[in-house]
Amino acid sequence: MLIPLVLALIGLLSDQPLVFARSVTAEGPTQAFAEAQLRRLLPDSVDEIEIRCKNIDVGVSTRWRCSARWSS
């Protein structure tokens, strides 16, 4: 029970998000916006990134969802 509390505290005090997964996803009204949001979520130490984007029809509008995967 102490470990989750310590990890939460580190996450609150850190200026970088805690990233345990090697993938992130972001959405936006355009592909460029979604990719920019995605790049903000990537850790600084990532060199090789695989980014995939797709259209999502939501009612009468279209949104973009981009996902990135990387290896350490």
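View A. Helices and strands here are DSSP runs (H or I over at least four residues for helices, E over at least two for strands), numbered from the N terminus. Strand 2 covers residues 49-58 and strand 3 covers residues 61-70; ten bridges link them in the antiparallel sense. Strands count as paired if DSSP finds at least two bridges between them. Look for Asp 57, whose bridge partner in strand 3 is Thr 62.

**View B. Three strands make an open sheet with the order 1-3-2**. The pairing is antiparallel. Strand 1 (23-28) and strand 2 are the edges: each has a single partner strand, so one side of each has no neighbour in the sheet. From one strand to the next, the twist averages 20 degrees.

**View C. Strand 1 meets strand 3**. Six bridges pair these two in the antiparallel sense, and Thr 25 stands opposite Ser 67 in strand 3.

**View D. Helix 2 packs on the sheet**. Residues 31-41 form this helix, which touches strand 1, strand 2 and strand 3 (contact means heavy atoms within 4.5 Å). The direction of helix 2 makes about 145 degrees with that of strand 1. Such angles run from 0 to 180 degrees between N-to-C directions, using lines fitted to C-alpha atoms, for helices over the stretch in contact.

**A note on the model.** Residues are numbered from 1 along each chain as its sequence is written. In this predicted model, local features need pLDDT of at least 70 and side-chain atom pairs count only at pLDDT 80 or more, while totals for chains, interfaces and linings use all residues; side-chain values use heavy atoms, leaving out hydrogens and water.
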